[in-house]
Structures are given as structure tokens and as C-alpha cells.
Amino acid sequence: MAEVRLEGVTKYYGRKKAVENVSFLCKEGEFVSILGPTGAGKTTILKLIAGIEEVTAGQVFFNGRDITHLPPQERNVSMAFETYNLYPHMSVYDNIAFPLRAPRWGLKLSPAEERQKVEEITGFLGIKELLERLPQQLSGGQKQRVSLARALVRRAEVYLLDEPIAHLDARLKFTTRSLLKEFAEKYGATIIYVTHDYREALALSDRVIVLGRGRIEQEGTPKEIYYSPASDFVGRLVGEPPMNLLDGEVEEKGGAYWVHLGGETKVRVPETLVPSLKKAVYTEKGREGVRLGIRSEFVQVERHPIAEYSFPLTVYAVVREAENVLLTFLVRDNTFLYARVERGRLPDCKVGEKLWVGFDPDNLFFFPRTVKLKS
Ligand code: ATP
């Protein structure tokens with residue numbers, strides 16, 4: 001297994017910049033996800049590590065060795081693509097066995113040894129019954145699992161998995177996710193996993209790298225990414241519903257800071273958060289504004305005022321979930337606030353009811369504005 005390090009990697013396709021000054025370390029045996037929206041540059045990073053694309057600037061290291069200009073066949077990586085890339089004229093068995101037969105790895109397995117390896121990985125992924133079929137006789141989800149089996153059948157230094165379960169249904173996604181985790185632990189595999197689905201990234205990874213427009217927005221453990229987003233971009237990308245992001249006007253009164261969100265709604269800024277508020281403040285048309293971020297589960301809702309930090313809002317929508325109730329409040333025109341409360345905490349809560357809303361100060365953030373909010 002290898003440790004993978006990128007140092008100041010930039011990639012242009014012609015004049016289009018796809019990846020900009022990206023540096024990160026994936027330790028030996030680590031499961032790192034690259035999470036980002038479409039077009040963020042995730043696949044490009046995998047291709048640069050595999051050597052399928054040449055870097056424009058920067059370096060790639062495997063175990064401290066500079067492999068930036070090494071051809072792909074001399075890098076011991078195994079890759080699964082979202083688009084499967086199966087050989088159409090070969091059976092599933094031959095597709096999966098293909099990497100075991102490549103002369104460059106010098107495995108020289110006997111037919112029995114080869115079959116044992118193919119059967120082991122297909123048994124693991126639950127696709128053993130497909131071995132004699134041709135790719136055209138498979139569903140999208142089956143093709144995807146065959147492609148994944150082909151990537152995992154050989155012990156490589158690094159596994160590069162590009163949206164490897166995107167085309168599976170919800171149940172299979174869940175089981176395959178668990179199997180991948182088991183594979184990573186069993187073989188101590190170094191895995192770099194690309195996804196646009198934050199649930200996959202958080203559930204699978206030791207660390208997550210959040211990518212936006214070719215640049216790293218944040219790097220951290222799943223917990224850090226979820227609970228301490230570094231920017232409004234990360235807050236919006238992760239979570240269902242995404243983090244509440246509200247722009248407001250800042251007011252100082254006798255040393256205390258408030259953020260006006262419109263109408264009667266104003267939020268008292270806890271003293272501990274004043275430094276982060278000051279860092280995030282912007283000036284527009286002579287007024288000071290700030291973007292506030294809070295996850296729905298940290299919006300407190302009561303039928304009575306909550307200490308000195310709450311404000312009244314009217315319920316706009318109520319969605320009952322298995323264990324919680326998701327309440328929507330209209331803060332001002334086109335600006336909604338989501339609050340997730342445990343079922344039973346506010347019995348018979350209805351649209352139109354006025355409730356008291358507060359923000360848990362330990363989970364309140366102020367961000368510089370970097371993303372455009374829909375209005
Ligand atoms: P997705 O989730 O949609 O696969 P991604 O995050 O993997 O997106 P990339 O495929 O790495 O993003 O693409 C990054 C940017 O580079 C995009 O704007 C894309 O259009 C562009 N791009 C990718 N490959 C090429 C290419 N071969 N030639 C020109 N531009 C490309």
C-alpha cells in the first residue's frame with residue numbers, strides 16, 4: 001500500500017482550469033473521499049494520480065517518491081470508473097480477471113488461483129452468478145459492481161474509485177458501501193474515493209476533502225466537515241436540508257452585536273462569536289452585513305421565549321419524518337429557515353402557528369459570502 005501526496009497540483013485542459021493548486025496527503029491505508037459538486041475537478045484529480053492525464057504544474061508522490069512524470073502502467077494503481085469501462089466482447093469473468101493477467105504485474109497465476117481470486121471478490125460483492133454473462137446482458141447497477149470487482153480483484157498500492165456506487169439502488173448502495181468499508185479494513189487499502197454525495201463521503205471516509213471549482217474548500221474528518229464547515233460552500237454541500245444560510249445586517253448597540261434578518265427577526269450574537277462575526281462582515285451600500293449559518297438540528301424551537309436569544313416566527317410547513325419533525329419558517333421573502341425537532345417535542349404543531357426560535361450558540365457560524373443564495 002502506498003501513501004499518496006499531491007503538492008501544488010494544477011491542471012488545465014487547454015485554457016480551462018480544472019484543478020488549482022491542490023495539495024493533500026492520503027496516508028497509507030487511509031480512506032479519503034473527494035467530495036464536490038459536478039465539474040469541481042474530482043475525476044481530474046484521480047486521473048492525475050493514475051497518470052491518465054498529465055499535471056500542468058505541481059507534483060504527485062507515492063511513498064515519498066516523485067511519480068509526476070511516470071506513465072500510468074508504471075504506477076501500481078487500480079481504478080473504477082463511474083462509466084464502467086468494461087470490455088464488451090469479454091465475459092464478466094474475463095473482465096474481472098483481466099488485471100490479474102496483465103504481464104506488468106507479473107502475477108502468473110494458475111487458472112485455479114485466478115478463479116479463486118475472481119470468485120472471492122465476486123462472492124464478496126454478491127455478483128458471482130453473473131460470471132458467464134457479457135456486459136450487454138447486465139443492468140447498469142450490475143455493470144457497476146462488475147467494474148468495482150475488477151478494480152478490487154488485484155492488490156494495488158492505491159485504489160482510485162470514481163463514483164463507484166452511483167448507479168446502484170438505495171439498498172444496494174448501502175450494502176456495497178458497507179462492503180467497501182470492510183474491504184478497506186481487511187486489506188489496509190489506500191483508497192481515494194470520489195463522490196458528489198455527502199452521505200457516502202461521511203459514512204466511508206477517514207478524511208474528506210471538499211472540492212469546489214478546482215480548489216480545496218476544506219479538509220477534515222467527517223465530523224469536522226459536518227459540524228464545523230469552513231465556509232458557506234461546505235455548509236450548503238453537506239446535510240439534508242443543507243445548512244441554513246441567512247444574510248443579515250449587523251448592528252452594534254452598547255458593545256452588543258445583533259444581526260437583523262428582516263422584519264422583527266434579529267439574532268443576538270453571543271460574545272464568544274463576536275471575533276468570528278467581525279472576520280466575516282462585509283460592507284454593501286454603506287451597511288454592514290454578515291452571513292449566518294446554522295444546521296437545522298441546532299435551531300431551537302419552543303412555545304415560549306428561549307432566554308434572551310429567541311425571536312418569534314410563524315410555521316410555514318411541517319414535514320413529519322421517522323423520528324423528527326422538519327419545520328420550515330419563512331424569515332422574509334424567499335428566505336426560509338429549517339428546524340429539525342424530535343417528534344413529540346411540539347405535539348400538534350401546525351402551519352400558521354407562531355413559535356419561538358433560537359440558535360444554539362455553540363453551533364452558530366458566521367461566514368464570508370462565497371456562494372450565491374437562491375432567492
Ligand atoms: P462530475 O462530478 O460531473 O464527474 P468532476 O468534479 O469529476 O465532475 P471533472 O470531470 O474533473 O469534474 O471536470 C472538471 C472540469 O474540467 C469541468 O469543467 C470539465 O468540464 C472540465 N474537463 C474535464 N475533462 C476535460 C477534458 N478532457 N477537456 C476539457 N475539459 C475537461
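Predicted model: local features only at pLDDT ≥ 70, side-chain atom pairs only at ≥ 80, totals over all residues.
Helix H2 itself spans residues 92-101 and is mostly covered, with seven of its ten residues buried. The buried members of H2 are Val92, Tyr93, Asn95, Ile96, Ala97, Pro99 and Leu100.

The UniProt record, an unreviewed entry, assigns the feature "domain: ABC transporter" to residues 4-238. Over that stretch the chain is 36% helix and 26% strand, and its end C-alpha atoms lie 25 Å apart.

Asn76 sits in the loop that links strand E5 (65-66) and strand E6 (77-80). Its relative accessible area is 19%, so Asn76 counts as buried, given that the cut-off is under 20%. Setting aside residues up to four places away in sequence, Asn76 touches Trp105, Arg154, Arg155, Ala156, Glu157 and Val158. Ala50 is 26 residues away from Asn76 along the chain, and the C-alpha atoms of the two are separated by 8.5 Å.

Further along, attention turns to a residue within a strand. Thr328 belongs to strand E18, which covers residues 324-332. Thr328 is classed as buried because its relative accessibility is 8%. When neighbours within four places in sequence are left aside, the contacts of Thr328 are with Thr314, Val315, Tyr316 and Ala317, together with Phe336, Leu337 and Tyr338.

Conventions:
Residues numbered from 1 in each chain as written. Heavy atoms only, no water. Helix = DSSP H or I, 4+ residues; strand = E, 2+ residues; numbered from the N terminus. Buried < 20%, exposed > 50% of the residue type's maximum accessible area, 1.4 Å probe, protein only. Contact = heavy atoms within 4.5 Å. UniProt positions renumbered as here; feature names shortened; annotations may be inferred.
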